[in-house]
Amino acid sequence: MPLFARYFLGIIGVTLLITVVSFFVWKPQAPKPVDNKKLNTEAQDIAGVYFSEDGGASWKALTGSENIQPLVFVEKRGAMGGMYVGTAANGLWILKNGSNTLEQISDPKNNFELTSRIDAISQTLDGTKAYLAVFQKKFATVVGLSESESEVVYKAPLAGYGIFGVLVDQSDPAHINVAVGDGTFLESRDGGRTKYWTPLALTAQGIVKLFAHPEKIGKYWALGNKNRLYVTNTAGQSWEERPAIAIDGRSLSTINDLKYIPTRDTLFAATEYGLIESLDDGKTWRGFHTPAPPFSITAGAVVAHPNFEEVFWFSLGNQIFRTDDGGISWRAITLPTNRSISMLQVDTANPKKIYAGIRK
């Protein structure tokens, strides 16, 4: 047999030997099964707002809220009703009365862009005009918005400082207050038309949340960026700084939500302790007995029934807990999302309808 033929047969023999050994020694690995259920859940977990129509017993995603992060819910006043939703990077949205679909609001004048951040919303008593705290292109502005037009009524002088509070005096629609992130509190007496704003006060901490008493004109609460609570009864002419928010002598560092509850005449806060309440306008705080032990998991949001003082809801992670007896007993439901709930809002006209904002 020629030499090249012997080489050729030898190569074939070695190849066959490797193939046989591989078949018996190295068993092929079966592909890992695909968890279609998990993939479907992850693909669907993009809604920024969920809603319930049965008081929180069941929840579903709000159409149109995909890939947005809500920062503020405000019920729209006026005959048409509905709800404004301000977002972290997708501008302003509206949920029209009777609809379960969120729609983005565009401004032809670009006073607020589709990618702007909306940190606060306030309205005139009749709902004909809304004032938005807008952050875009490194500057914060206050934009007045009506059906037919928009206009910038205030612009922060320095880049990087947000405006986290806007309040319209319900007895005088031309009287507007603005809280800037550096602690400056200002007012306009002509609706911002002349662009002249009077500085009223400068708090020791930058204000990150501002809200008003629903009935007492001129009474506001403000939360500082280091969790100090400020109270005014003079529409911001003077402020009283409260002691650090604390439980059993332990100061709390995380205040995720803070609300005044008219039916109880108290302040509620969602904190790292859990759910807490103040009966003396923020001077002292007490904890609630909830399903989670104190300091075990941070509460994300809290909201109360508009008519019944013993009924309220709060969130832990992606769960919402409801009590009908002032916290003696609780019912829980897990939302169809893996992300945490950062906001809760009850429809005051229909308290069975509740909205939950989801953190990205």
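β4 and β5 form a hairpin in this predicted model. Four residues lie between the two strands.

The pairing of β4 (residues 83–87) and β5 (residues 92–95) is antiparallel and runs over four bridges. In this pairing, Met83 has Leu95 of β5 as its bridge partner. β4 also pairs with β3 (residues 70–75). Those two strands run antiparallel as well, joined by five bridges. Here Met83 of β4 is the bridge partner of Glu75.

How many residues of β4 are buried? Five of its five residues are, and the strand is mostly covered. Met83, Val85 and Thr87 point one way from β4. Tyr84 and Gly86 point the other way. In a regular strand the side chains alternate between the two faces of the sheet.

Another group of strands makes an open sheet. Its four strands have the order β2-β1-β30-β29, with antiparallel pairing. β2 (60–61) and β29 (341–346) are the edge strands, each pairing on one side only. Strands of a sheet pair through backbone hydrogen bonds, either parallel or antiparallel. β29 is joined to β30 (residues 354–358) by five bridges. Within that pair, Ile341 stands opposite Ile358 in β30.

| Strand pair | Direction | Bridges |
|---|---|---|
| β3 and β4 | antiparallel | five bridges |
| β4 and β5 | antiparallel | four bridges |
| β29 and β30 | antiparallel | five bridges |

Next comes a loop residue. Where is Thr203? The loop between β14 (198–202) and β15 (207–212) holds Thr203. Is Thr203 buried or exposed? Thr203 has a relative accessible area of 8%, so this residue is buried. Its side chain reaches the backbone oxygen of Gln205 at 2.6 Å. Beyond its neighbours within four places in sequence, Thr203 is in contact with Asp182, Gly183, Tyr230 and Trp239.

Finally, confidence. The protein chain averages a pLDDT of 88. A score of at least 70 is reached by 88% of the residues. Where does pLDDT stay under 50? This is the case over residues 1–43. For that stretch the model has five contacts beyond four places in sequence. Where pLDDT is low, the predicted coordinates should not be read in detail.

Methods
Residues are numbered from 1 along each chain as its sequence is written. This is a predicted model: local features need pLDDT of at least 70, side-chain atom pairs count only at pLDDT 80 or more; totals for chains, interfaces and linings use all residues. Side-chain values use heavy atoms; hydrogens and water are left out. Two strands pair if DSSP finds at least two bridges between them. pLDDT is the predictor's confidence in each residue, from 0 to 100. Contact means heavy atoms within 4.5 Å. Buried means under 20% relative accessible area, exposed over 50%, partly exposed in between (1.4 Å probe, protein chains only). A polar contact is a pair of N or O atoms within 3.5 Å; within protein, one must be able to donate a hydrogen and the other to accept it, and residues adjacent in sequence count only if both atoms are side-chain atoms.
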